[in-house]
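Today I am opening the notebook on a new model.

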Amino acid sequence: VGAWTSNGKAEVNFVEQPVDSALDLTVRTSNAAVAAALQPAYEGKFQLTTSIFRPSVINLGPKDPSGEDRERVLKVNEGPGYRAWVTGSAWWGEEKATNSSVSLISSNAKAWLVL
């Protein structure tokens, strides 16, 4: 999935995602905020980049969508000092390789990801 805009907010909200499915998402904007809200089934990497604001990753603490009562693991790496990037990954139970990735990019505005 790809979405691009200029001088306008870019926001993507997923209402469904099957367990063990792959998602490749890139959302890019300039001079406005960028945001994405993913379903609990998302497992994969993410990258948020802005030019002047520190990006935010919001973990809502969802329950395991598979019903197996696995623990949600969220690994977040932030740029040093006031660098405007965040990378990381999310998974259920033990870490595993996936084909999923999310990239949110904005210039001159905020970026946030809701998991």
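**Entry 1: a cut-off before I start.** I call a residue buried under 20% relative accessible area, exposed over 50%, and partly exposed in between. I also remind myself that this is a predicted model.

**Entry 2: Asp-20.** I looked up Asp-20 and found it in the loop between strand 2 (10-13) and strand 3 (24-30). Is Asp-20 buried or exposed? Its relative accessibility is 60%, so Asp-20 counts as exposed. I then checked the backbone: phi of Asp-20 is positive, about 65°, although this residue is not a glycine. I flagged that because most residues other than glycine have a negative phi.

**Entry 3: Asn-108.** I found another positive phi at Asn-108, near 65°, again in a residue other than glycine. Asn-108 sits in the loop between strand 9 and strand 10 (111-114). With a relative accessible area of 43%, Asn-108 is partly exposed.

Entry 4: In what order do the six strands of the open sheet run? I read the order as 1-3-9-5-8-7, with mixed pairing. Strand 1 (2-4) and strand 7 (72-78) are at the edges; each has a single partner strand, so one side of each has no neighbour in the sheet. On average, neighbouring strands here are turned by 10° against each other, direction ignored.

Entry 5: I went through some of the pairs.

- Strand 3 and strand 9 run parallel and are joined by seven bridges; Thr-26 stands opposite Ser-103 of strand 9.
- Strand 5 also runs parallel to strand 9, with five bridges between them; Lys-45 has Ser-101 of strand 9 as its bridge partner.
- Strand 7 and strand 8 run antiparallel and share seven bridges; Arg-72 is paired with Trp-92 of strand 8.

I also checked how enclosed strand 9 is. Five of its seven residues are buried, so strand 9 is largely enclosed by the rest of the structure.

**Entry 6: strand 10 and its partners.** I turned to strand 10 and looked for its bridges. Strand 4 (residues 34-37) runs parallel to strand 10 and is joined to it by four bridges, with Val-34 partnered by Ala-111. Strand 6 (residues 56-58) runs parallel to strand 10 too, through three bridges, and there Ile-58 has Val-114 as its partner.

**Entry 7: the largest pocket.** I noted a volume of about 150 Å³ for the largest pocket. Which strand gives the largest share of its lining? I found that strand 8 does, with four residues. Strand 5 (44-49) and strand 8 (85-92) each supply at least two lining residues. Among the lining residues I listed Lys-45, Trp-91, Glu-95, Lys-96 and Ser-100. By class, the lining has three nonpolar, five polar and three charged residues.

Entry 8: Ser-100 lies in the loop between strand 8 and strand 9 (101-107). At 4% relative accessibility it counts as buried, since the cut-off is under 20%. A polar atom of the Ser-100 side chain is 3.4 Å from the backbone oxygen of Glu-43.

Conventions: Residues numbered from 1 in each chain as written. Predicted model: local features only at pLDDT ≥ 70, side-chain atom pairs only at ≥ 80, totals over all residues. Heavy atoms only, no water. 1 Å grid on protein atoms, 1.4 Å probe; cavity = no way out; pocket = protein on both sides within 12 Å on 5 of 7 lines; lining within 4 Å. Points joined across faces, edges and corners; volume = space filled by probe spheres on them. Nonpolar A, V, L, I, M, F, W, Y, C, P; charged D, E, K, R; others polar. Pairing = 2+ DSSP bridges. Axes fitted to C-alpha atoms, helices over the stretch in contact; angles between N-to-C directions. Buried < 20%, exposed > 50% of the residue type's maximum accessible area, 1.4 Å probe, protein only. Polar contact = N/O pair within 3.5 Å; in protein donor to acceptor, adjacent residues only side chain to side chain.
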